[in-house]
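Me: Please take a close look at a single part of this structure. I would like one connected account, with the criteria stated.

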Amino acid sequence: MIGLTPLQTETQTVLDAINTTWVLVVTFLIFFMHAGFAMLEAGQVRSKNVSNQLTKNLLTWSIGVTVFFLIGAGVDSLVGGAGFSPAFAAESAADWIGWLYGAVFAMTAATIVSGAVAGRAKLRAYVGYTFLLAAVIYPVVSGMAWYDAGLLGIDGAVGSAIGAPFDDFAGGTVVHAMGGIAGLTAAWVLGPRIGRFNDDGTANVIPGHSMTFAVLGTLMLAFGWYGFNVGTSAIFSPEGAFLSEQLGRVAMNTTIAMACGAMGAGAVAWAKTGKVDTLYVANGLLAGLVGITAIPHASSWWGAFLVGGLSGAQLPVVFAFVEKRLNIDDVCAVFPVHGSAGVLGTLLLPVVVAPSYLADAGVTRVEMLLAQFAGVAIIAGWTIVTTGLIWGAFKALGQARVSRGHEQDGLDVSEHGVETYPEFGDEGAAVTDGGTVRTDGGVSESDHEIRTDGGVEQRGDEVIRTDGGYDMNETEHEIRTDGGEPNDGEIKMVVAMVRPDKLGDVKQALAEIGAPSLTVTNVSGRGSQPAKKGQWRGEEYVVDLHQKVKIECVVADIPAQDVVDAIVEGANTGEKGDGKVFVLPVESATQIRTGKTGRDAV
C-alpha cells in the first residue's frame, strides 16, 4: 500500500517557483501585445506601407530587447540608485527573468513611436532611435520612477521633498505617456506625409487600408493588457495567499476603464459627426486602458468609470487639436491614445483614489497631486528634449525621412523591395495625395478599364480592324443570319464592369446562354455614379472611385451580343452605377495545354 509522504519542499520555495512561473506567463502576455501593435498599425497605414510597418515592429523587439540586455537594464539600475548592473552580469535565474520582465515594458514604449512616424521615416533612423530609447531614454524614466531611491521615489530628491512618491503602478506614464509624447515629438520633427495638409493648414484625410486589422490589433492588445496590469499585481504573499484586495481591484478597474474608454470615444465621435466611428471606438478602448494603467491598484470602482470615460472622450478632441491646430501628422493617433490618456489617468489619482489606499499611503491628496504632477512634468520634459535632439540630428544629416519619390512609391518597395499585396499591383484606387483624385493621369494598368481623365480608348475604330472595316459595335455585323459563323468567324472579348452584388446574377445569366468561360477581377473606377462620403477617424472624405467587378468573357461560337444581353439582364438595377459592357476584338488565342490556336483555342 502506498502511503502519503510529507512535502519535502519548504513553503517559500514553492511560492518562489509559482511566482517565477507567473512572472514568465505575464511576460509572454505582454510580449504578445507586439502582435497587436503590428496589426493595429498595419491597419491604419496605406497598403503600400504595410510591410514597412510590420518590419519596424519586428525590429523594435529584436534590436530593442538586445540593447536593453546589454545597456538599458544597467542604466535603469544606475538611475534608480542601485549602481550600474547590466542584465548580462546577473548571476541568478530570478535576475534574468526580472530583466526579461522589464524588457517587455521597455519595448512596449519603443513600439508606440513607430505608429506616429509611419509612412515617411527612414528605417535606419527609426532603428537608430529605438537603439537609443532602449539604451538610455526609457531606462532613465523607469529608473527615476520605479526605484525608491530614484529621483521620483520616496527616497529620491523630488519624492522626498514633496513627501510622497510618484505613483505609477504599471506604466501609464512611464511606458505609455512616454511613448506617446516621444511619438508626437518625432512626428513634429519629421513633418507630415505628402498631401496630408494643404498650404492653408487645412487637413486632408488619408485613410488606412484595413479597418479589420485595426480592430483585430485592438483586441489583441486588450488581451495582452491583462498581463500589463493584472499580471503585475498577481503575486503570492509569503503566507501563501494572493494579495486578493489589490488583485481584485486591478482586474476590476482595468476591465471597467477599457469598456468606458470605448464608449466615451464613440459618444464624442457621435456627438461631433452624428456617426459612431469604428476606429475611434477601437482607439478609445485602448485609451481607457492607458488611462487606468498608472492607478488600477489605487482607484475606487467609480474612478475606473471616470478615468476610462474621460480617457476615451478626450481622444477625438485631442486628435483634432493635434491635426488641425498643431498640423502634426500623428498617423496612428499615438499621442491621444497613449500620451494624453496616460497623463490624464496619472494626474487623476488624487481625485479617484480609494480611501483605504490613501490611508495606507500616509499622504494627503495635495501631496499626491504634487508628486503625480512632478513625475509627469519631468518625464515629459526628458522625453521631449531627448527625442527632439535625436530626430533633429537625423534630420540635419538628411537621414530622418525618405525621399519624395520613395514616399510616393511606398516604403514597402523603397525600403524593403517587397509589396505586401503583390497580386493586386499598384494602388489604382488608393488615395495617393491626401485627397481622392488620381495623381497618375487617371490611366489604370488594367487595359484602361478605369478612366478618370476623359481619355480616349486606344483600341478605337482606326487602330484595330478585324471585320473588314465594319464597326464592331454595329450588332447587325456581329450576328450573321445567312448561315455564317457567329461573330463573323472572329474571336471577341466581352468586358463588363458591374456592381459586386450583381455578380451572382450575371454568372447565372451567362450560364444559361452557355458562355464557356469568364474571368472576374475586383476593380475600382468612376463614371456616372455619384461620389459618396467616407469617414476615417471622424473626418469625412470623398470616395469617387467605386468598387466594381470586372468580368471578361472570350467567345467564338457564341455571339458576343448574346453575352452582352445576358450581362445587361443580370446586372441591371435601373440606378446609376450599374456599369458598362464593351466588346473588343481578340487578335489571337493559344491554349497552353494543347497548343491549339485561334477559334479552336477558345
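Reply: Helix 6 crosses helix 12 in a left-handed manner (the near helix is turned anticlockwise from the far one by less than a right angle; helices are DSSP runs of H or I with at least four residues, numbered from the N terminus). The model is predicted, so local features need pLDDT of at least 70 and side-chain atom pairs pLDDT 80 or more, whereas totals for chains, interfaces and linings use all residues. Residues are numbered from 1 along each chain, and side-chain values use heavy atoms, without hydrogens or water.

On helix 6, the residues in contact (heavy atoms within 4.5 Å) include Gly 172, His 176, Gly 180 and Gly 183; on helix 12, Val 334, His 338, Gly 339 and Gly 342 are among their partners. This contact comprises 6 nonpolar, 9 polar and no charged residues, with Gly counted as polar.

Val 334 and His 338 also line the second largest cavity, together with Phe 37, Leu 40, Glu 41, Gln 44, Ile 112, Gly 115, Cys 332 and Val 337 (a 1.4 Å probe fits at points of a 1 Å grid but cannot get out; lining residues have an atom within 4 Å of a point). Helix 1 (11-44), helix 3 (93-116) and helix 12 each give two or more residues to this lining, and helix 1 gives the most, with 4. The cavity holds about 70 Å³ of space.

Technical notes. On a 1 Å grid over the protein atoms alone, a cavity is a set of points where a 1.4 Å probe fits but cannot get out, and a pocket is an open set with protein on both sides within 12 Å along at least five of seven lines; lining residues have an atom within 4 Å of a point. Grid points are joined across faces, edges and corners, and a volume is the space filled by probe spheres set on the points.
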